Amino acid sequence: MSKSDINRIRVVLAEKSITNKWLAEKMKKSPITVSRWCNNEMQPSLETLLEIANKLDVDVRELLNPTK
C-alpha cells in the first residue's frame, strides 16, 4: 500500500456492485470528484466520508485502509 492509498471507496463500491456514477448522484457530487476519491487522488473530508458510509450502508471504518 502506498502512502496515497488511504481509502477503500473503490473496493467497497465493487463489493456492492455500485457504480461511481450512482454514488455521485446520491452524494450530489461530480462524477469526477467521486472518481478522484476512488483513485485516491483526493480524499473526502471526514464529514463526507461519513455520508458515503451512510449511502453505502457500511461502517465508516470499512472505507479506510487500516494503519496497523
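Predicted model: local features only at pLDDT ≥ 70, side-chain atom pairs only at ≥ 80, totals over all residues.
Visitor: Is Asn7 buried or exposed?

Guide: Asn7 is found in the segment before α1 (9-15); helices are DSSP runs of H or I with at least four residues, strands are runs of E with at least two, and both are numbered from the N terminus. Buried means under 20% relative accessible area, exposed means over 50%, and partly exposed lies in between, for a 1.4 Å probe and protein chains only. Because its relative accessibility is 5%, Asn7 counts as buried.

Visitor: Which backbone atom does the side chain of Asn7 reach?

Guide: A polar contact is a pair of N or O atoms within 3.5 Å; within protein, one must be able to donate a hydrogen and the other to accept it, and residues adjacent in sequence count only if both atoms are side-chain atoms. At 3.0 Å, the side chain of Asn7 reaches the backbone nitrogen of Ile9.

Visitor: Which residues does Asn7 touch, not counting residues up to four places away in sequence?

Guide: Contact means heavy atoms within 4.5 Å. With that cut-off, Asn7 touches Trp37, Asn40, Met42, Gln43, Pro44, Leu63, Leu64 and Asn65.

Visitor: With which side chain does the side chain of Asn40 make a polar contact?

Guide: Asn40 is placed in the loop between α3 and α4, and it counts as buried because its relative accessibility is 10%. Its side chain reaches the backbone nitrogen of Asn7 at 3.0 Å. At 2.9 Å, the side chain of Asn40 also makes a polar contact with the side chain of Gln43.

Visitor: What is the phi of Asp57?

Guide: Asp57 is found in the segment after α4, where it is exposed, with a relative accessible area of 65%. Asn40, which is not a glycine, has a positive phi of about 60 degrees. Asp57 is likewise a residue other than glycine with a positive phi, and its value is near 55 degrees.

Visitor: How is α2 oriented relative to α3?

Guide: Axes are lines fitted to C-alpha atoms, for helices over the stretch in contact, and angles run from 0 to 180 degrees between N-to-C directions. Helix α2 (residues 20-27) and helix α3 (residues 31-38) pack at an angle of about 120 degrees, with their axes 8 Å apart. Angles under 35 degrees count as roughly parallel, over 145 as roughly antiparallel, 65 to 115 as roughly perpendicular and the rest as oblique. The angle therefore makes α2, relative to α3, oblique.

Visitor: How many nonpolar, polar and charged residues does the contact of α2 with α3 have?

Guide: Asn20, Leu23, Ala24 and Met27 in α2 meet Pro31, Val34, Ser35, Trp37 and Cys38 in α3. Ala, Val, Leu, Ile, Met, Phe, Trp, Tyr, Cys and Pro count as nonpolar, Asp, Glu, Lys and Arg as charged, and the others, Gly among them, as polar. By class, this contact has seven nonpolar, two polar and no charged residues.

Visitor: How is α2 oriented relative to α4?

Guide: The two helices pack at an angle of about 115 degrees, with their axes 11 Å apart. That angle makes α2, relative to α4, roughly perpendicular.

Visitor: How do the residues of the contact of α2 with α4 divide?

Guide: From α2 the contact draws on Trp22, Leu23, Lys26 and Met27, and from α4 on Thr48, Glu51, Ile52, Lys55 and Leu56. These residues divide into five nonpolar, one polar and three charged.

Visitor: With which residues is Lys29 in contact, leaving aside its neighbours within four places in sequence?

Guide: The place of Lys29 is in the loop between α2 and α3, and Lys29 counts as partly exposed because its relative accessibility is 37%. Its contacts beyond those neighbours are Ala24, Val34 and Trp37.

Notes. Residues numbered from 1 in each chain as written. Heavy atoms only, no water.
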